[in-house]
Amino acid sequence: MAKYSTGDSGSESDGSACELCGKQSDSLREAEVAGATLLVCQQCAPHDDSSKKSSSSDEQQQESTPTSHSSDAPQTSELWDGDSSHWEKEGTDYDDDPLPYLISGYADVVTRARQENGLTQTELAEKIGATEDDILAVEQGRAARAGVGGSVIEDIEKTLSIELTEET
């Protein structure tokens with residue numbers, strides 16, 4: 001008997017539903033899933049933790065064998081070799097164009113000033129050599145999240161004759 005059941009206890013075919021997905025089945029088998037012993041259908045059988053257990057030599061072999069990933073993204077082991085001495089010698093290379101502290105409501109100030117100057121977002125972007133996405137991010141108040149550089153803010157200030165940064 002299962003320790004845990006998610007099956008419908010009020011049905012006439014009580015006990016013939018998979019306790020993991022609830023699907024009715026005549027061929028249920030016992031499986032250990034997340035520490036609970038359940039009766040599962042063949043589709044849920046791969047979730048059986050007890051079938052995944054193997055001898056310690058098999059586990060050691062699996063740990064040393066690289067796993068296949070469906071993503072083309074580099075894996076953590078490919079990104080970092082475990083040697084941090086280069087950070088200690090060279091330091092970190094953070095953004096060379098840091099975003100300054102911006103005034104509260106900077107987004108509205110930029111939008112209003114741009115409109116008063118008769119410019120579209122595209123025109124302002126072209127005028128200062130920025131991307132339209134940067135201008136949009138500033139006008140939506142998400143300059144920091146979008147990674148807008150401090151030079152873009154400075155160029156907006158000069159072009160629109162406004163002050164966006166706080167004195168620190």
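Which residues in H6 meet which residues in H9? The views below start with that meeting place, in a model that is predicted.

**View 1. Helices H6 and H9 meet.** From H6 come Leu124, Lys127 and Ile128, and on the H9 side they find Val152, Asp155, Ile156, Thr159 and Leu160. Sorted by class, this contact holds five nonpolar, one polar and two charged residues. The two helices pack at an angle of about 105°, and their axes lie 10 Å apart. Angles of 65 to 115 degrees count as roughly perpendicular, so H6 and H9 are roughly perpendicular to each other.

**View 2. The largest nonpolar core.** Look here for a core of 20 residues, in which Val138, Ile156, Leu160 and Leu164 touch the most other members. Helices H5 (106–116), H6 (121–128), H7 (132–139) and H9 (150–160) each give two or more residues to this core. H9 supplies the largest share, four residues. A second, separate core has eight residues, including Cys18, Val40, Cys41 and Cys44. As a general point, nonpolar side chains tend to be buried together in soluble globular proteins.

**View 3. Valine 138 and its contacts.** Zoom in on valine 138, one of the residues that touch the most other members of the largest core. Setting aside its neighbours within four places in sequence, valine 138 is in contact with Tyr106, Ala107, Val110, Ala143, Val148, Ile153 and Ile156.

**View 4. Helix H7 and its buried residues.** Which residues of H7 are buried? They are Asp134, Ile135, Ala137, Val138 and Glu139. These buried residues pack against H5, H6, H9 and helix H8 (143–146). After H7 comes glycine 141, with a positive phi near 75°.

**View 5. Helix H9 and its buried face.** In this helix you can pick out Gly150, Val152, Ile153, Ile156, Glu157 and Leu160 as buried. Seen down the axis of H9, its buried residues fall within an arc of 160°, so they line one face of the helix. Which helices do the buried residues of H9 pack against? Their partners are H5, H6 and H7. Two of the buried residues, Ile156 and Leu160, also take part in the meeting with H6 shown in View 1. Serine 161 follows H9, and its phi is positive, near 55°.

Conventions. Residues are numbered from 1 along each chain as its sequence is written. This is a predicted model: local features need pLDDT of at least 70, side-chain atom pairs count only at pLDDT 80 or more; totals for chains, interfaces and linings use all residues. Side-chain values use heavy atoms; hydrogens and water are left out. A nonpolar core is a set of buried Ala, Val, Leu, Ile, Met, Phe, Trp, Tyr and Cys residues joined through side-chain atoms within 4.5 Å. Buried means under 20% relative accessible area, exposed over 50%, partly exposed in between (1.4 Å probe, protein chains only). Contact means heavy atoms within 4.5 Å. Axes are lines fitted to C-alpha atoms, for helices over the stretch in contact, and angles run from 0 to 180 degrees between N-to-C directions. Angles under 35 degrees count as roughly parallel, over 145 as roughly antiparallel, 65 to 115 as roughly perpendicular and the rest as oblique. Ala, Val, Leu, Ile, Met, Phe, Trp, Tyr, Cys and Pro count as nonpolar, Asp, Glu, Lys and Arg as charged, and the others, Gly among them, as polar. The arc is that of the directions from the helix axis to the C-beta atoms.
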